[in-house]
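Here is a short briefing for a reader new to this structure.

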Amino acid sequence: MARVLDGDEEKRVCVTGASGYIASWIVKLLLHRGYVVHATVRSLNDPKKTEHLRGLDGAKERLNLFEANLLEEGSFDSAVDGCCGVFHTASPVLFETSNPQADLIDPAVNGTLNVLSSCAKAPSVKRVIFTSSAATVFHTGRPVTSETLVDETWFSTPEACKGFIGDTYTLSKTLAEIAAWKFCEENGIDMITINPVAVIGPMLQPVINWSSDVLFNLVNGKSDTYLNATFGWVHVKDVAEAHIKAFEIPSANGRYILCETVAHFSQIVDILQELYPNLKLPHKCAEDQSFPPTYQISKDKVRSLGIECIPLRVALKEAVDFLIEKKLITSI
């Protein structure tokens, strides 16, 4: 069980993969709370991975950047040393690759074990928060209907990960979480996983991430069709907040699914049309087939962290307003 944070010595934490979408928000909120943050990036010489972090409020005083590689054993030792908590978010997000083993599975699984090995060496570490994915929840092989209620007891199996959008990514996250739970049980590490659905909202990093790109492709005026897919959706601020609360609340445990609403892409387009009447949006589904069901996802456990998710409509507006502000959308 993690100790309650009660002094400056307890306020030093590590965030791996800190330049990423969710991780950047975690760093931002940690700095706002007064934490000293050890943030790892793949290259200290790449401004796309460092400048937005160095520009955060409090970064000059309390942000320390470290270079680390998921596939290099011991690479995270120096970043983790002296930290009371570790937020492990580093993992590749790819949906098309010619070498899934090298590009996805090895970095996700072996990288997670390398980070956890560094945690096992550091007596200062009291709790690890692992950024997993809802991909490790849904693919169990059981049928899903509009009456289905998914909760944290669901756990994807490697066999059931095949045949879905981004199935290799889903497999990499599932194998990584399985390996993480096994390692932590064997080594006495207190770990919690955060399992978000599709994450949207404003970006801090300069490179567009996958979930933001999905939304961008709906609103950039270049497509007449939308995917025949049903996703869960959640605001990036809620995901970052859940990570920190899961670390700070002693009674937090196990897995936490983060989802505000499950919605088909047709529903997303309808909301966007109401919010932005002048925006050129897709007007038909890419497939002439029935829509997948809008199943339900339990919010009971995440509410125990004090998280009440920002409504989907607000999340969509903040995400699109950001794209407009950055002049990434010109069709409005």
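A cavity is a set of grid points where a 1.4 Å probe fits but cannot get out, and its lining residues have an atom within 4 Å of a point. The model shown is predicted. By this rule, the count is one cavity of 30 Å³ or more. The search also finds seven aromatic pairs and 11 salt bridges.

**The cavity**

- Rolling a probe the size of a water molecule over the atoms shows where empty space is left.
- The largest cavity holds about 40 Å³ of space.
- Its lining is made up of G201, M203, S212, L215, A319, F322 and L323.
- Two helices, α8 (210-219) and α12 (312-325), each give at least two residues to the lining of the largest cavity.
- Helix α12 supplies the largest share of that lining, with three residues.
- By type, the lining of the largest cavity has five nonpolar residues, two polar ones and no charged ones.

**Aromatic contacts**

- There are seven aromatic pairs in the count.
- One of them joins W233 and F265, edge-to-face, with 5.6 Å from centre to centre and 75° between the planes.
- W233 belongs to strand β10 (residues 230-235) and F265 to helix α10 (residues 265-275), so this pair ties together parts that are 32 residues apart in sequence.
- Are the two partners buried or exposed? W233 is buried because its relative accessibility is 2%, under the 20% cut-off. F265 is buried too, at 1% relative accessibility.
- W233 and F265 also belong to one aromatic cluster, together with W210 and F231.

**Charges over rings**

- R255 places its charged end over the ring of F155, 4.0 Å from the ring centre.
- K301 lies over the face of Y256, and the distance to the ring centre is 4.5 Å.

**Salt bridges**

- Side chains of opposite charge can pair when their charged atoms come close.
- A search of the whole structure gives 11 salt bridges.
- Which residue does E274 pair with in a salt bridge? The partner is R313, and the closest N and O atoms are 2.9 Å apart.
- E274 sits in helix α10 and R313 in helix α12, so this bridge ties together parts that are 39 residues apart in sequence.
- E274 counts as exposed because its relative accessibility is 53%, over the 50% cut-off. R313 is partly exposed, at 39%.
- R303 and E308 form another salt bridge, at 3.3 Å from N to O. R303 is partly exposed, with a relative accessible area of 40%. E308 is exposed, at 56% relative accessibility.
- D321 and K317 meet in a salt bridge of 2.7 Å, N to O. Both residues lie in helix α12, four residues apart, which is about one turn of the helix. D321 is partly exposed at 29% relative accessibility, and K317 is partly exposed at 37%.

**Where the topics meet**

- Helix α12 gives three residues to the lining of the largest cavity, and D321 and K317 lie in this helix too.

Terms used:
Residues numbered from 1 in each chain as written. Predicted model: local features only at pLDDT ≥ 70, side-chain atom pairs only at ≥ 80, totals over all residues. Heavy atoms only, no water. 1 Å grid on protein atoms, 1.4 Å probe; cavity = no way out; pocket = protein on both sides within 12 Å on 5 of 7 lines; lining within 4 Å. Points joined across faces, edges and corners; volume = space filled by probe spheres on them. Nonpolar A, V, L, I, M, F, W, Y, C, P; charged D, E, K, R; others polar. Phe/Tyr/Trp six-rings, centres within 6.5 Å; stacked < 30°, edge-to-face > 60°. Buried < 20%, exposed > 50% of the residue type's maximum accessible area, 1.4 Å probe, protein only. Lys NZ or Arg CZ within 6 Å of the ring centre and 35° of its normal. Salt bridge = Lys/Arg side-chain N within 4 Å of Asp/Glu carboxyl O.
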